[in-house]
Amino acid sequence: MGKSIVFTVTTDLNHDQRMTRIAGSLARAGYQVTLVGRRLPRSSKLEGRPYKQHRITCHFHKGPFFYLEYNLRLMLWLFRNRFDMYGAVDADTALAAVFAAVWQRKPLVYDAHELFSEMPEVVNRPMVKSCWAFMEKLAFRRATLAYTVSASLVSYFQVKYRRPVHLVRNMPQRQATYALPDNPPYFIYQGALNEGRALETVLQAMVQVPARFIICGDGPLLPQLKALARQLGLEDKVMFKGNVPPAELVKITAAAWAGIMLLKPQGLSYYYSLANKFFDYVQAGIPQVCVPFPEYQQLNAQHEVALLAQAEVEAVRNALLTLLQDPETYHRLQQNCLRAREAWCWEMEEQQLVALYARIT
């Protein structure tokens, strides 16, 4: 029987596609995997997976009291359930996972999806930033194995913490087919509705773009975005679908005309990011409007799958109109997506993941 490993996240397990892939790959490789996450007020029934799942319910749902409560509850659960390895996913679960790993004298794995101390919500709040920086430092210093999602973050963490950090990119599973775009066409955004995602910019750009815009995701900016859509007179063009089950999201994305992958330059976490939606659009066979940050520039130089545009209204509008009105450009990007998705897929990336875990004795 393989070694047991627990992963700790603060997300709803049904919608955390990266952790679904990681846990599934390690389970198929022979590990006994348990994924611990969060029960939200609107959480649906857990989907069947080839690994164990556990949800923690909290009284608080955001802010410092939530993170404190969640880590305390998680710590108590971890002390009652022993594992051979402890996997902390991001700084927001590091406290509990580090304490449990040290207490049990077991290896700690740190999976950094974000640079938490440089996220837009905290970059201008010194006290909060210092707290996340401490948690991040604690995790990297204690971890037997550490990996992250982009080459830029690998370099950043290795220089800062003077230790090896590995790369496991957040890629979806390979898709063999693609759908014809829906008519009338629509652009799609998938992901959290958080500060710095430039969704306000896209809504303003859509005023003069003859297409629809479908937003799949939830988050703190939802009320403001709905209000802005009404203010701009976009009620008939913009649809807020909330969190969509992964299987349904794949279908909605494949039928889109193009995807939206934009960020504001608010903190190094976004600047060094490599978001899963970039690869999701490629696997769906659709071009995208993408921010020209380092990781995306480098990938687009390998396979031109996107129009790169700063997150400004005029630049975004021009890119959207080009994709709608320039068939030659659109076809070229679409064909490049179909070629790129053969290499940019989880089937390739999971080999690196399994090899890393095989090194832990």
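In this predicted model, Glu342 is partly exposed, with a relative accessible area of 43%. The side chain of Glu342 meets that of Arg174 in a salt bridge, at 3.6 Å from N to O. Arg174 lies in the loop between β7 (166-167) and β8 (186-190) and Glu342 in the loop between α13 (327-340) and α14 (346-358), so the pair ties together parts that are 168 residues apart in sequence. Arg174 is also partly exposed, its relative accessible area being 33%.

A second bridge joins the side chains of Glu304 and Arg332, with an N to O distance of 3.1 Å. This pair likewise links distant parts of the chain: Glu304 sits in the loop between α11 (294-302) and β13 (306-308), while Arg332 belongs to helix α13, 28 residues apart. Glu304 has a relative accessible area of 30% and is partly exposed; Arg332 is partly exposed at 34%.

A further pair lies within a single helix. Glu69 and Arg73 are 4 residues apart in helix α2 (residues 63-80), which means that about one helical turn separates them. Their side chains form a salt bridge at 2.9 Å, N to O. Glu69 counts as buried because its relative accessibility, 10%, is under the 20% cut-off. Arg73, at 34%, is partly exposed.

The distances of these pairs are listed below.

| Glu69 | Arg73 | 2.9 Å |

The structure holds 12 salt bridges, among them the bridge between Glu69 and Arg73.

How values were computed. Residues are numbered from 1 along each chain as its sequence is written. This is a predicted model: local features need pLDDT of at least 70, side-chain atom pairs count only at pLDDT 80 or more; totals for chains, interfaces and linings use all residues. Side-chain values use heavy atoms; hydrogens and water are left out. A salt bridge is a side-chain nitrogen of Lys or Arg within 4 Å of a carboxyl oxygen of Asp or Glu. Helices (H or I, at least four residues) and strands (E, at least two) are DSSP runs, numbered from the N terminus. Buried means under 20% relative accessible area, exposed over 50%, partly exposed in between (1.4 Å probe, protein chains only).
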